[in-house]
Amino acid sequence: MRKKYLSALLFGALLFASAGTFTSCKDYDDDIDNLSQRIDQVASDLNDLKTKVDALGGYVENVSFADGVLSVTTGGNTVTYNIPDKTGVNEVTLALDGNNLVLTVDGEAQTIALPAGETGEVEIPEIEVKDGVLYINGEPQTLKVDVESNVTVIESTIPGNETYTVMVNGEEVTFAKAFADVRISLMNNGDDFLFTEYKNGSPALATPQENGIHWAFASKDYTWADGVKDAPKSGELVVGQITAAKVSVRPVSYDLKAHQDELTLVSSTGQTARAKVLVYESGDNGPIESGSRAASTNVDALTHGDYVIAIQLDPTLTAEEIIKAFANADNTANLKYALALNGTVVTDYQFVIDTQLKADTQAKCEDPNEDYFVIGGKEIDEAPLGTHQMAYLDGRIYDMKVTIDPSSEDDAEVYGVSINPKTNEITASDAAAERTFKLNITLIDVNGNVSKTETVKVTFEKADVAPVTKLEPTVVTVTPRADKSFVINLQDALSSLDASDAIYIKEKSNIEWGIEKNDNGFFMSEYEIENANITYFEDAECKKEVDLSDGVTSEKLRKIKYAKIENTDYNIGSTLGEHLLTLTIKKYRTIGDASDIIEFRTINVPVDVKEPTWEDLFAQADNNWADGVFTTRISNYDISSRKAAISLDAYKVKDDKNGATKDGIEVVYVGANIDGNEVNVINNTLATDPEDNEPLNVVNGKAITQRIELDTDASVATADGELKVSDVTVNYQYIIYAQNGTTPVFVIEKKDVKVAIKSMYADLKLVWLDKDGNETAGPAVLNADNTINGTGSAKSPKANGLAFAFYKQYVEAGDADAAQYNTFSVEGIAGDSQKLTESSDNFATLPSDQGIVYFVWDASNENGGTVTVNASAAHTGKSDGTYGKASYIHLEPTANALEKGTIKVTFMDAMGVKHTSEVSFAK
């Protein structure tokens with residue numbers, strides 16, 4: 001398997017390779033046992049710490065260690081753990097810095113140069129640790145890391161492996177780093193985005209090579225006043241207009257602008273671009289100004305949850321750095337960057353910063369061209385009403401200033417047109433619709449050349465854009481029920497409409513539902529939303545319907561708080577998280593004109609799609625659970641393939657109304673430690689490389705209503721006769737399918753369930769049935785002739801006798817060798833039949849069938865000497881079919897009188913698993 005990131009586990013092995021060893025000898029056995037117990041307790045405590053952190057959300061914001069106390073903070077809550085016998089602490093960080101891997105131990109950094117790929121761009125190398133040595137792409141690295149303390153906190157900032165790992169005395173626990181639950185997607189049809197120049201009024205292409213961001217260093221103090229930007233001083237970096245990216249942010253309630261300072265552009269090697277990320281909200285409605293000495297940006301109108309991302313180059317960049325800082329090592333290709341929020345990558349690596357290869361040396365500034373001048377992202381013959389920013393789309397231009405021509409000043413005052421010279425924003429009231437105004441434009445390029453002033457004509461188009469109402473997100477939890485209808489909380493979106501508006505809506509058909517364009521991840525398609533049966537209600541329980549079938553009135557609208565959208569299926573490819581539905585309200589301009597309908601209100605309806613939790617759907621089965629551990633047993637063992645099978649039927653449907661079914665619960669992972677490796681031991685999942693073992697593919701899960709067969713390596717006994725695998729962690733899943741019944745859409749998971757596995761005959765035991773028939777461990781009554789009576793057969797009194805007990809079925813002690821009596825019939829184990837057979841060779845050979853269990857007698861005498869369990873006799877019946885004489889076993893002491901002692905039976909099954917059972921006896 002390709003190890004693309006240095007895991008905390010491997011790094012831990014490296015750190016502790018030099019932490020010292022010890023050898024065992026008899027004098028130190030107690031000390032070693034104590035140390036082992038302490039390490040086991042540390043491991044237990046660390047796992048308990050992780051359990052507590054997981055219960056608080058699992059993602060960690062900070063890990064600190066001071067004064068012997070380890071503190072883990074998540075979700076604003078802090079969980080602490082006292083470190084026993086603290087001797088010190090080493091803090092270790094692991095990060096990528098450009099072309100280097102940097103290890104920092106207690107503040108001292110060591111740098112390892114990473115090899116470059118064929119393209120010259122550094123790739124994440126294959127990293128592994130063998131015998132305490134770090135190998136990068138197969139080459140050993142010499143590291144001097146001296147770790148003598150018993151506490152280590154490892155922080156990894158490598159993209160894709162952002163974790164905190166805490167190690168104590170060689171035991172470790174790893175926490176995923178917390179980051180904002182934010183998804184940012186580039187609205188660019190999946191293509192890369194180029195931060196580059198505007199050329200001929202449009203973003204430049206990546207080719208030819210001379211395209212790119214224009215720049216120069218001011219050769220003198222520039223003369224420029226009344227523009228948006230300051231006049232550059234001599235020696236300052238001056239940058240032309242740079243294209244800007246339109247992104248979509250989910251959830252829409254997340255304020256990306258407020259987190260602007262937390263955004264960076266990071267390459268796949270962890271290198272941070274020397275450019276500040278600037279965020280502009282949808283209210284700017286583009287084009288927008290990106291700040292002093294940076295580029296203007298141009299985008300189409302933005303909607304709820306959309307932003308513009310612009311950049312401002314680091315003003316301290318040198319000429320050589322401008323050319324090389326955003327390219328690979330040999331300067332043959334541009335680096336690709338991703339947006340990172342607080343150091344965590346939140347987009348794909350789709351952003352490229354393309355700079356000119358040399359500074360501009362323009363002798364004059366081109367005169368303004370009206371084709372390059374835009375308002376609100378639109379051409380000037382269809383400029384939008386309202387307040388919007390103006391921009392000039394030419395990468396050579398540093399800044400512009402716009403004024404109203406004197407010939408239009410009076411009209412501008414009358415019809416509400418004004419310019420803010422500090423922001424290049426132009427405001428046009430509704431009265432300016434379909435009217436033309438003259439504006440004067442002056443430009444300055446990156447070399448300080450100022451153009452002549454040109455006059456352009458701007459015409460504002462009629463406004464038919466409906467105002468947007470933004471609602472708080474409605475959480476919709478997907479369901480396995482056949483009825484998948486969901487309810488939207490409309491809040492006051494409809495109830496707040498004026499009566500004068502309601503009277504012009506008139507019909508229910510003028511209330512239209514839709515979905516954000518290009519959202520293919522919502523569980524209903526645009527067509528399905530538009531044609532769904534939607535009803536409106538006053539209450540969240542949808543019991544008080546507001547009937548709009550006979551028309552819309554103000555009275556009805558003011559009652560509507562909720563909408564129920566009918567649905568019976570989830571589309572293939574549906575995704576969790578936030579999606580944006582739209583509710584468009586139309587009305588007639590006049591009551592009498594049925595043909596003139598306009599949109600007068602748009603309501604953005606964020607829908608946060610979530611899966612139900614496991615506990616929402618399922619509960620622990622009533623039996624076989626204790627202290628959070630499910631106990632099962634091996635129920636079948638195939639002698640020929642040497643594979644055991646178990647039941648993992650640990651859950652039941654919580655509520656028969658939630659739509660879930662028990663036979664839909666599946667197992668995809670049974671994790672066990674095999675020879676030091678954590679592997680999936682479901683049959684046929686073990687791989688040659690243990691690190692490649694993964695959960696089963698979603699569609700290959702094993703139903704819990706069936707036996708789960710284990711791999712051969714998990715179906716054997718140890719040399720001591722114990723189960724090789726007895727403690728496992730299990731991952732369960734429940735799939736919500738598309739209506740075709742075969743394609744998974746949503747998968748609800750329950751991971752890391754602790755399961756204890758017992759051997760097939762672990763509950764087979766020797767018991768003394770007392771006078772009341774209770775199973776006890778004795779004392780059995782030893783008769784004067786040193787026999788002990790048996791009991792438990794079908795017609796016996798099942799009292800005052802010795803018996804083999806297996807799930808409340810009994811075989812009399814003396815019947816164990818009687819073929820007609822020595823069989824149990826417990827359902828679900830070994831084909832429903834289990835036979836006792838005394839081993840003739842003291843377990844030298846295994847039983848030949850899973851339904852046979854070998855046993856060997858043993859006994860002891862409190863007065864000393866050995867005891868042989870010798871002769872035995874089966875019980876007898878009378879001619880009338882009733883019970884006759886009880887069976888018995890005979891104890892023969894080799895010395896000393898037999899008065900008290902213990903009788904013991906050792907059992908062995910076909911896997912070679914052994915266990916013992918004892919009963920005391922006395923005369």
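**Close-up 1. Phe907 and its ring partner Phe804 in the predicted model.** Phe907 counts as buried, at 1% relative accessibility. Phe804 is buried as well, with a relative accessible area of 0%. The ring centres of Phe804 and Phe907 are 6.1 Å apart and the planes meet at 75°, so the pair is edge-to-face. Phe804 belongs to strand β61 (residues 801–806) and Phe907 to strand β68 (residues 900–908), so the pair ties together parts 103 residues apart in sequence.

**Close-up 2. The ring pair Tyr651 and Tyr732.** The count of aromatic pairs comes to 24. For Tyr651 and Tyr732, the ring centres lie 5.1 Å apart with the planes at 80°, so this pair is edge-to-face. Tyr651 is in strand β50 (residues 651–653) and Tyr732 in strand β55 (residues 727–737), and the pair links distant parts of the chain, 81 residues apart. Both tyrosines, Tyr651 and Tyr732, are buried. They belong to one aromatic cluster, formed by Trp614, Phe618, Trp625, Phe630, Tyr651, Tyr732 and Tyr734.

Close-up 3. Apart from neighbours within four places in sequence, the contacts of Arg633 include Ala645, Ile646, Ser647, Tyr761, Asp763, Tyr807 and Ile829.

**Close-up 4. Lysine charges over aromatic rings, at Trp224 and at Tyr588.** Lys401 has its charged end over the ring of Trp224, 4.6 Å from the ring centre. The charged end of Lys506 sits over the ring of Tyr588, at 4.9 Å from the centre.

Methods. Residues are numbered from 1 along each chain as its sequence is written. This is a predicted model: local features need pLDDT of at least 70, side-chain atom pairs count only at pLDDT 80 or more; totals for chains, interfaces and linings use all residues. Side-chain values use heavy atoms; hydrogens and water are left out. Contact means heavy atoms within 4.5 Å. Rings of Phe, Tyr and Trp (its six-membered ring) pair if their centres lie within 6.5 Å; planes under 30 degrees apart count as stacked, over 60 as edge-to-face and the rest as tilted. Helices (H or I, at least four residues) and strands (E, at least two) are DSSP runs, numbered from the N terminus. Buried means under 20% relative accessible area, exposed over 50%, partly exposed in between (1.4 Å probe, protein chains only). A charge sits over a ring if NZ of Lys or CZ of Arg is within 6 Å of the ring centre and within 35 degrees of the ring normal.
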